Amino acid sequence: MNYERILYELDDGIAVITLNRPDVLNALDTQMRAELTYAIGQAGASARVLVITGVGRAFCAGQDLGDAGRVADLNLERVLRDEYMPLISAIADCPIPVIAAVNGVAAGAGASIALICDVVIAAENARFIQAFAQIGLMPDAGATWVLPRLVGQARAMGAALFGEPVTAREAEAMGMIWQATSEAEFDATWRARAAHLASGPTQAYSKIKSALRASAQQGLEAQMLQEAAHQGALSRTRDFKEGVLAFNDKRKPTFEGR
Ligand code: T3D
């Protein structure tokens with residue numbers, strides 16, 4: 001696929017997708033959703049970690065609202081089911097860790113995309129806005145699933161009803177995201193985190209992600225059975241053997257991701 005709305009790079013096992021419509025704060029249209037969904041699949045098949053970020057002063061301002069007539073005619077149920085759902089599922093089901101490097105405002109579905117990622121690192125100037133109710137909509141693209149799981153019902157409800165910006169520092173303090181950093185340290189921070197994951201035990205990360213995501217839907221017994229099955233598979237990986245050898249040799253392990 002030729003990319004026009006995003007940039008895609010792959011280097012040293014790190015795939016970086018950069019949303020690239022800075023004039024509209026990287027708002028999402030059909031083409032961007034298609035490119036993004038495709039690129040996430042591409043990264044999942046070829047990289048060891050994926051980073052999603054944005055060009056310019058925004059991460060993503062959500063649905064493109066630019067053409068009021070066209071937006072009013074949109075069949076939102078279809079767009080959500082056929083375009084947003086595959087995108088959000090692609091991130092949640094991606095077999096490698098997905099980092100949202102939130103460089104600026106993340107509003108509406110832009111916040112949904114950021115918050116479904118496995119690790120969210122935000123620059124201090126970033127804000128998360130459940131902007132939906134301001135235009136007469138409700139949070140979507142997985143937001144009503146992910147928000148209460150991250151911050152609890154009370155904060156999720158307040159964020160959705162009031163639509164007030166949550167700063168990166170506030171988001172970190174309430175457990176909505178993993179880390180807020182100064183603007184000066186932002187690039188170096190997400191790059192270091194990505195490099196760490198790209199040189200780690202990729203199979204283990206994949207199983208960690210799958211088990212933690214499954215825990216939202218199943219009970220303790222089912223969860224422990226899943227842990228046992230996953231751990232059984234991991235015990236047969238080269239990385240596990242290398243990890244144990246390195247521990248006994250008192251050296252740093254070299255993980256190959258298999
Ligand atoms: O299919 C479906 O529709 C269903 C799915 C819906 C999911 C959704 O995402 S609904 C929520 C959609 N998003 C929003 O409601 C957010 C709209 N944007 C804003 O509230 C503000 O722009 C921000 C809070 C994000 C940033 O504010 P600020 O003051 O920093 O920037 P600005 O001046 O408002 O925006 C700068 C430019 O970006 C401006 O264009 P201009 O005047 O310079 O030519 C603005 O129109 C444009 N822009 C910002 N957001 C969008 C956008 N253009 C199109 N779509 C946008 N979402």
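Predicted model: local features only at pLDDT ≥ 70, side-chain atom pairs only at ≥ 80, totals over all residues.

**Entry 1: Glu83**

Residues are numbered from 1 along each chain as its sequence is written, and side-chain values use heavy atoms, with hydrogens and water left out.

Glu83 sits in helix 3, residues 76-93 (helices are DSSP runs of H or I with at least four residues, strands are runs of E with at least two, and both are numbered from the N terminus).

Next I looked up which residues Glu83 touches. Leaving aside residues up to four places away in sequence, they are Thr30, Arg33 and Arg78 (contact means heavy atoms within 4.5 Å). The side chain of Glu83 makes a polar contact of 3.0 Å with the side chain of Thr30, and another of 3.1 Å with the side chain of Arg78. A polar contact is a pair of N or O atoms within 3.5 Å; within protein, one must be able to donate a hydrogen and the other to accept it, and residues adjacent in sequence count only if both atoms are side-chain atoms.

I also checked Glu83 against Ala141: they are 58 residues apart in sequence, and 9.5 Å apart in space from C-alpha to C-alpha.

I then traced an open sheet of 6 strands, which run in the order 1-2-3-5-7-10 with mixed pairing (two strands pair if DSSP finds at least two bridges between them). Strand 1 (6-11) and strand 10 (179-181) are the edge strands, and each pairs on one side only. From one strand to the next, the twist averages 20° (axes are lines fitted to C-alpha atoms, for helices over the stretch in contact, and angles run from 0 to 180 degrees between N-to-C directions).

As a reminder to myself, strands of a sheet pair through backbone hydrogen bonds, either parallel or antiparallel.

Strand 1 pairs with strand 2 (residues 14-19) in the antiparallel sense over 6 bridges. Across this pair, Glu9 stands opposite Val16 in strand 2. Helix 1 (residues 30-46) lies across strand 1, strand 2 and strand 3, and runs at about 5° to strand 1.

How many residues of strand 5 (residues 98-102) are buried? The count is 5 of the 5, so strand 5 is largely enclosed by the rest of the structure. Val98, Ala100 and Val102 are buried on one side, and Ile99 and Ala101 on the other, which leaves both faces covered.

Strand 5 pairs in the parallel sense with strand 3 (residues 49-54) over 3 bridges, and in the parallel sense with strand 7 (residues 119-123) over 4 bridges. Ile99 is the bridge partner of Val51, and Ile99 also stands opposite Val119 in strand 7.

Strand 8 (residues 127-129) pairs with strand 9 in the antiparallel sense over 2 bridges, and Phe128 has Val166 in strand 9 as its bridge partner.

**Entry 2: the ligand and Gln63**

Which residues come nearest to the ligand? Of the 24 around it, they are Arg57, Ala61, Gln63, Leu65 and Ala109 (a residue is near a molecule or strand if one of its heavy atoms lies within 4 Å of it). A polar side-chain atom of Arg57 lies 2.8 Å from an oxygen atom of the ligand. For Ala109, a polar backbone atom is 2.8 Å from a ligand oxygen atom. For Gln63, a backbone N or O atom lies 2.8 Å from a nitrogen atom of the ligand.

Gln63 is in the loop between strand 4 and helix 2 (68-73). The side chains of Gln63 and Tyr84 are joined by a polar contact of 2.6 Å.

Technical notes: Buried < 20%, exposed > 50% of the residue type's maximum accessible area, 1.4 Å probe, protein only.
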